[in-house]
Amino acid sequence: MSWTEGYVSEVNYTSGFYGELSPLKLGLATLIKSIQPPDSSQEFTYCELACGQGFTTNILAATYPQSQFYANDFNPSHIATARDLAAKAGMKNILFFDDSFEEFLERDLPQFDFISLHGTYSWISAKNRQVIVNFIRRNLKVGGLVYISYNALPGWSAAMPIQALMVRHGQHSSELLTRIEQALNFTGELLEANASYFAQNPILQNRYERLKEQNRYYLAHEYFNQDWNCFYFDEVAKELEDAKLKYVGSAHINDHIDTVNLSPVAQEKLAKISDPIYREVVRDFFVNSQFRRDIFSRGYLILTSEEQVKQLEETRFAMIVNPANIKFEHQFPVGEVKLQETVYQPICQVLAESPQTLLQLQNHPKTSNINLNGLYQALMILTGIGYIHPAVDEQTCQERKPSTDAFNNAVKAKAVYSEELSFLASPLIGTGVLVNRLEQLFLLAKSYNQDAVQFVWQILASQGKKVVKDGKPLETEEENITHLKTVYEEFSKERLLTLQKLGIE
């Protein structure tokens, strides 16, 4: 077999950022389970397997300059892109390798506090999964964490035949992107013809409509690899046992709050299952899991309730959105939930002023009437929604800011020519923050002390591009400039202040 081993290599993977891989987020999810996480405030070692274009690893390396990062991807084009960004940002704490898993296993590498692999497990062969297990066994520290995400059953069971159909339909076309379009079109024809499979699985109509809207490079890697697998949780847990790994919990914070995920009947049924592995399998049937984000550990220290509460009380949280955009009604697995405004609103008001620890919230005049459990659950749900995030103290934030500034400058420089990179690094929360191309160019103009609207319009006009409003490009220069002025005024009044509080300028 060729060096690609059946994995798509004709087109590069998208440059996404995956926040669950953040050490602070992984640490919080571990602490929720009364398990001692690695101390991300000190120097640590981190490895991402199959890093794609390395954007997530680069952001994390920028936000944790005291630590060492390693990553591999078998595609040399991905690694060239990752190294280029790291070099332009002047980062010295990260190494990228265009190794296969087997080659990476043979390298002289340090022991790692964190090993992460996002999605990879679903798209590789059983042989390569075993190599990954061997890598973890050899290179993970005792007490270290593994983040692993994968397509899950039973949530994928109804849609798995769509993937099989599209792959088979495109086998005889030589060009990948052409295969994707032909496969999507043919699948749509079967839907219109009311093929029994689709007729008996009406939920697939919405899935197909979402597929048509997806980035084609993403679809290539998500659906068109030779190896494509979905797993029940216990299958993955069993394979990872060879690396001496034990399940910790979900990396998705809201998964830990049963009341928004499970009906009372479901909670009662699950409480009667003593085997924790089987309980997770049954839970996936209740919530119909399609994608799991799991944390495993190679041995761990179980905290007493007093130790856990102390560490939670010392955990600092920062608001990461404009407070005006916060909504108190959200869709969860149990359905639409209205968050109790008498609890959530004062917490959001206090955090909008400045980051706070749980202990500080307990003692703050606006939130001191909320009991500890109420504060804790609200903070976890707000974190899971994406309104707040664990944060470091101000001194640590300032120490890391030169590193994140350099990285963000490199990303903003790329925004002049491309909209591919849509996250900037925050020294306060140790992770990436979604910042679109226009916003990046506004920040770049500000750093150059130039008129932001004229700066952005000159870039767009020189590239033959126009601003899109309500899904349609604006035609005249006057229309473009007028709309850019409106967008910039809104950005300056609301979004800019939020970014500055996160250490992004």
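Leaving aside its neighbours within four places in sequence, with which residues is Gly155 in contact? In this predicted model, where residues are numbered from 1 along each chain as its sequence is written, local features need pLDDT of at least 70, side-chain atom pairs count only at pLDDT 80 or more, and totals for chains, interfaces and linings use all residues. Side-chain values use heavy atoms, while hydrogens and water are left out. With sequence neighbours within four places set aside, Gly155 is in contact (heavy atoms within 4.5 Å) with Arg207, Asn288, Ser289 and Gln290. Gly155 is found in the loop between strand E5 (140–151) and helix H6 (160–169), where helices (H or I, at least four residues) and strands (E, at least two) are DSSP runs numbered from the N terminus. At 9% relative accessibility Gly155 counts as buried, a term that means under 20% relative accessible area, with exposed meaning over 50% and partly exposed lying in between (1.4 Å probe, protein chains only). The C-alpha atoms of Gly155 and Glu102, which are 53 residues apart along the chain, are separated by 31 Å.

E2 is mostly covered, as 4 of its 5 residues are buried.

A further open sheet is formed by 3 strands in the order E11-E8-E12, with antiparallel pairing. Strand E11 (356–357) and strand E12 (388–391) stand at its edges, each with a single partner strand, so one side of each is left without a neighbour in the sheet. Strand E8 (residues 316–319) is joined to E12 by 4 bridges, and the two run antiparallel; the bridge partner of Arg316 in E12 is Ala391. Helix H1 (residues 23–32) lies across E8 and E12 and runs at about 95 degrees to E12, where axes are lines fitted to C-alpha atoms, for helices over the stretch in contact, and angles run from 0 to 180 degrees between N-to-C directions.

The largest pocket holds about 1,100 Å³ of space. On a 1 Å grid over the protein atoms alone, a pocket is an open set of points where a 1.4 Å probe fits, with protein on both sides within 12 Å along at least five of seven lines, and lining residues have an atom within 4 Å of a point. Of the 39 residues that line the largest pocket, Ser250, Asp255, His256, Asn261 and Arg283 are the closest to its centre. The elements that give two or more residues to this lining are E6, H12, helix H13 (276–287), strand E7 (291–297), strand E9 (329–332) and helix H17 (372–385), and the largest share, 7 residues, comes from H13.

His256 itself lies in the loop between strand E6 (246–250) and helix H12 (264–271), and it is buried, with a relative accessible area of 17%. The side chain of His256 reaches the backbone oxygen of Ser250 at 2.7 Å. Apart from neighbours within four places in sequence, His256 is in contact with Ala29, Ile32, Lys33, Gly249 and Ser250.

Helix H19 (residues 437–447) is mostly covered, with 8 of its 11 residues buried, including Arg437, Glu439 and Phe442. What covers these buried residues includes helix H18 (394–415), E13, strand E14 (431–434), helix H20 (452–462) and helix H21 (477–501). Just after H19, Asn449 takes a positive phi of about 55 degrees. Ser426 lies in strand E13 (residues 423–426) and, at 0% relative accessibility, counts as buried. Leaving aside neighbours within four places in sequence, Ser426 is in contact with Thr63, Thr404, Thr431, Val433, Leu502 and Ile504.

Conventions: A polar contact is a pair of N or O atoms within 3.5 Å; within protein, one must be able to donate a hydrogen and the other to accept it, and residues adjacent in sequence count only if both atoms are side-chain atoms. Grid points are joined across faces, edges and corners, and a volume is the space filled by probe spheres set on the points. Two strands pair if DSSP finds at least two bridges between them.
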